[in-house]
Structure formats: structure tokens, C-alpha cells
Amino acid sequence: MALAENVDRDANRALRARFDEVYGDYRRLRSGLDELQGRLADLRVTERSDDGQVTATAGARGELISLELHPSVYQDRDARALGRKITATVHRAGAAAVAATQELVAGYLPAGSGAADFLRTGDFGSLLGRADAVLRRGE
């Protein structure tokens, strides 16, 4: 009977240590949430066309915040070329903003978490990998 009690105590200590570790990760994540929200609200990425005629600024979700055209764009009357230049510059700004957001958010997540991997790769498998592994063990 004493051996069983020791085993139970050891198992309880191990479970408590794991709980403390997970709870500590949660508290760190939660405490950084307000800071993260502020940094995301302030995040801006600006890209310029190769010739400097088009400047696009995007926010954290890749949304267009501002678009500036240099007066020299009006000298060339090729509207289609200007449209392509604007579109390409806006797309680059949006993609760079999304990448900056992913990097910023990943810094607030526990290393090796499925969520951090998902942000980096976009692979839903990494997001659900831990849950899948737990379910497989339970089968």
C-alpha cells in the first residue's frame, strides 16, 4: 500500500509541475496581450514602386492605410501601366505587413506551439497537430 501511495504522490507532483508550467505560459501570454494589441494597432509598413512614383502603406491585417502618387505619374498617360504599378505596390505593402504581423504575434506565443507554427507556415496541420496527437494517444 505504501508503494502505491508513493507512486500516486509522484504522479501528482509531476502533474502539478506540468500544470504550473502551462499556467505560467498562459500568464505570460495573457500579460503580453495588451502590449501586443497596441503594437498591432500601430503597425504600418510602407512600400514604394521601383521608380518611386507610388507609395503604399498597409496596416497589420494587410489593409491599405494610404496611397500616395508622385506628381510625375501624370506625365505618362498610360493608365493601365499606372494601375499595374499601384496594384503591385499595394500588394507588396500588404504582404510585408502581414509578414510583420506574423513575426510580431509569434514573439508572444510559446515556442513550439502549434499556433506559432501556423502563423509562420499557414499550415493548419501544425495548428491541430497537438490535438491530433492527444486524440491518437486516447484511442
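**Close-up 1. Arginine 16 and aspartate 20 within helix 1 of the predicted model.** Both residues belong to helix 1 (residues 2-42), and because they are four residues apart, about one helical turn separates them. Aspartate 20 counts as partly exposed because its relative accessibility is 40%. Side chains of opposite charge can pair when their charged atoms come close. A search of the whole structure finds four salt bridges.

**Close-up 2. The salt bridge between glutamate 47 and arginine 92.** The closest N and O atoms of this pair are 3.8 Å apart. Glutamate 47 lies in strand 1 (residues 45-48) and arginine 92 in helix 2, so the pair ties together parts that are 45 residues apart in sequence. Glutamate 47 is partly exposed, at 24% relative accessibility, and arginine 92 is also partly exposed, with a relative accessible area of 33%.

**Close-up 3. The salt bridge between aspartate 51 and lysine 85.** The two side chains meet at 2.5 Å, N to O. Aspartate 51 is in the loop between strand 1 and strand 2 (54-58), whereas lysine 85 is in helix 2; the pair links distant parts of the chain, 34 residues apart. Aspartate 51 counts as partly exposed at 44% relative accessibility, as does lysine 85 at 23%.

Close-up 4. Beyond its neighbours within four places in sequence, alanine 97 contacts Leu43, Val45, Ala58, Gly59, Ala60 and Gly62. The C-alpha atoms of alanine 97 and glycine 59 are 6.2 Å apart, although 38 residues separate the two in sequence.

Note on methods. Residues numbered from 1 in each chain as written. Predicted model: local features only at pLDDT ≥ 70, side-chain atom pairs only at ≥ 80, totals over all residues. Heavy atoms only, no water. Contact = heavy atoms within 4.5 Å. Helix = DSSP H or I, 4+ residues; strand = E, 2+ residues; numbered from the N terminus. Buried < 20%, exposed > 50% of the residue type's maximum accessible area, 1.4 Å probe, protein only.
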